[in-house]
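Student: Could you take me on a close look at one part of this protein, the pockets and what surrounds them? I would like one connected walk-through, please.

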Amino acid sequence: MLNNSKIRKDFPILNRQVNGKPLVYLDNAATSQKPQVVIAALSKFYQKINANVHRGVHSLSQEATKEFEEARLKLQKHFNAKHTHEIIFTRGTTESINLVANGFSQLLQKGDEVLISQLEHHSNIVPWQLACEKSGASLKVIPINSKGEILLKEFEQLLSNKTKIVAVNHISNTLGTINPIKEIITKAHKHNAAVLIDGAQATAHIAIDVQELDCDFYCTSAHKMCGPTGIGMLYGKEEWLQKIPPYQGGGEMIKEVTFEKTTYADLPYKFEAGTPNIADAIAFGAAIDYLNNIGLDSIAKYENELLAYATQLISEIPEVKIIGTAQEKAAVLSFIVKDIHPFDIGSIIDKLGIAVRTGHHCTQPIMQFFDISGTIRASFSFYNTKEEIIVFINALKKAITMLC
Ligand code: C6P
């Protein structure tokens, strides 16, 4: 059982007021709040350990290097990668996907196909459009149904020996749909296509085992997992990371440089040009420890209860229509209110201390599918409470009375 009132004390920000009201933070899909242990890991690094990594013979640099590489080891263990060098530190999911798409742009040829789904975040669309533009490959889109679920039959029909990579999200940030990625990976592999999973919305809610999934790439951002912004992870199978060319050039990613030719460093450094985001990588490790101490299974169970509760209460409001009603859903509740602009609802409830996201959520193709301009999105975390959901629902009712 998750001890929610104890957990809330770990998050200093949850004590603050916004617009004179206690903060009710329901924008967890955008970014999560940070527990004190993560804040402390950051400040400890700068107060006691700060030095560049992999460069100095001096003790401080060696200490910083040790902590930085220990964070990589934590990620390897947490995601069950086979090798530590399969974990690349990036700025976040967006950079992880760009790294792979940029690499693939040099492997793809005219006639090849890249498959993504209608459910993707712009971060898992635009890099592939760029890769297709560069290489002459074509981008194909797996359709969804009116609940916001990927159509697996249509996916199978799109797969062929032309498919070189399938890139789909694990959980939709806009609808909360949990995609059947294991099935998608198995089917894609039958056609020898690589699979990239955009796990930005999944890793704070579901325990991920990349070997069990057998995905070729898995991407996430620390800031969605109670960790800092500006740091994330690309997991890649060793053979793929060997195959794709470096993403950026600079220090750290080289073996030998002459004006005639440069040879690249071994994995993972081939993909980590320049001074890395050392403090944030270490704090990412602290965030993973924190989540594991609570337990991802308990987190998922508790968040599912919050989602069911909020869904039940919001369904009783006649003006509300939920967008995204997949069978398998994470704690994301997107909805519209008649023809009222989502921004207007968001602004009114913000005055009451409630933080939700409004708009297209960087998924314009989902909005086009549902023929809407945007939604109001409440996304829940394990530090939210049923009482906060009641405050949110009451505020929403108030906004509806004002606007309808
Ligand atoms: N979604 C949201 O409010 P970055 O910005 O690189 O950390 O993550 C990008 C990203 C990629 N894929 C998915 C499924 C995501 O949800 C996100 C980030 C936030 O929904 C900010 S747009």
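Tutor: Happy to! Let's start with the word "domain": the domain bounds used here come from an automatic or database domain assignment. This is a predicted model, in which local features need pLDDT of at least 70 and side-chain atom pairs count only at pLDDT 80 or more, while totals for chains, interfaces and linings use all residues. Residues are numbered from 1 along each chain as its sequence is written, and side-chain values use heavy atoms, with hydrogens and water left out.

The chain is divided into domain 1 (4–30 + 296–403) and domain 2 (39–292). Their C-alpha centres lie 28 Å apart. Where they meet, 33 residues of domain 1 are in contact (heavy atoms within 4.5 Å) with 34 residues of domain 2.

Now for the pockets. Rolling a probe the size of a water molecule over the atoms shows where empty space is left. On a 1 Å grid over the protein atoms alone, a pocket is an open set of points where a 1.4 Å probe fits, with protein on both sides within 12 Å along at least five of seven lines; lining residues have an atom within 4 Å of a point. A volume is the space filled by probe spheres set on the points, which are joined across faces, edges and corners.

The largest pocket has a volume of about 340 Å³. It is lined by 21 residues, and the closest to its centre are Thr93, Thr94, His121, Ser221 and Lys224. Both domains take part, with at least three lining residues from each of domain 1 and domain 2. By type, the lining holds 4 nonpolar, 11 polar and 6 charged residues. Here Ala, Val, Leu, Ile, Met, Phe, Trp, Tyr, Cys and Pro count as nonpolar, Asp, Glu, Lys and Arg as charged, and the others, Gly among them, as polar.

The largest share of that lining, 3 residues, comes from α4. Helices (H or I, at least four residues) and strands (E, at least two) are DSSP runs, numbered from the N terminus.

The second largest pocket holds about 210 Å³ of space. Of its 15 lining residues, the closest to the centre are Phe89, Thr90, Arg91, Glu95 and Ala273. The lining of the second largest pocket divides into 7 nonpolar, 5 polar and 3 charged residues.
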